[in-house]
Amino acid sequence: MQARFAPATGALRGVDPCQTAVPQPSPWARSTRADLVRLVDLAQDERLSTDWDGEVFQADHLVAGQPLRLMAHEVSGGAFYELEAWCFALNVAFVRWSGGYAGSWSAERVVYTGDDEPGSYIADEMDRILIDEATIRELGSFETIIDYFAGAGFEVPPLVVVD
């Protein structure tokens with residue numbers, strides 16, 4: 001599973017239940033050094049990395065001007081519960097993708113823009129967004145279907161840390 005993180009606007013993405021990524025910060029969202037320390041602690045608790053099978057995330061892995069992208073294999077429930085709760089508390093946007101786990105959960109992309117409730121989108125094992133007949137009927141028009149896909153395609157902006 002993989003995810004991207006961004007205070008106030010961001011994204012989390014993950015690749016299958018055995019792979020997970022962390023949320024990423026936004027350029028217009030601001031986070032304090034104390035928030036960054038907590039983010040690093042949460043990422044380390046989850047054993048998240050900026051690369052598949054890479055070393056555990058450290059603060060010096062942040063790249064200025066780039067969204068933070070974290071990932072892990074074999075993530076319980078396909079989500080980063082504590083990290084996502086932290087994002088909700090600080091209105092930090094994220095996108096998370098998780099592959100499915102037969103009999104437990106389906107592949108999905110979760111998008112939280114920092115404004116409302118997170119949106120959940122059906123995805124496949126390649127993180128492509130899918131749409132079923134019931135959702136098409138609910139959305140009702142081609143224009144709203146295109147808007148649905150646009151919402152699922154939310155891009156996480158870079159993390160900005162202020163003193």
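## A walk around helix 4 and the cores

Start by selecting helix 4, residues 142–152, and look at what it touches: its buried residues pack against strand 5 (108–112), strand 6 (119–122) and helix 3 (133–139). Helices here are DSSP runs of H or I with at least four residues, strands are E runs of at least two, and both are numbered from the N terminus. Contact means heavy atoms within 4.5 Å. Bear in mind that this is a predicted model, where local features need pLDDT of at least 70 and side-chain atom pairs count only at pLDDT 80 or more, while totals for chains, interfaces and linings use all residues. Residues are numbered from 1 along each chain as its sequence is written, and side-chain values use heavy atoms, with hydrogens and water left out.

Now show the side chains of Ile-145, Tyr-148 and Ala-152, the buried ones in helix 4. They sit on the same side of helix 4 because they cover an arc of only 50° around the axis, going by directions from the helix axis to the C-beta atoms. Turn to the face pointing away from that side, and you'll find Glu-143 and Ala-150 exposed. (Buried is under 20% relative accessible area, exposed over 50%, with a 1.4 Å probe and protein chains only.)

Next, pick Leu-39, Leu-48, Phe-57, Leu-70, Leu-83 and Trp-86, which have the most contacts inside the largest nonpolar core, a set of 20 residues. Such a core joins buried Ala, Val, Leu, Ile, Met, Phe, Trp, Tyr and Cys residues through side-chain atoms within 4.5 Å. Helix 1 gives this core its largest share, five residues. Finish at another core, lying apart, with twelve residues including Ala-93, Ala-107, Val-111 and Tyr-121.
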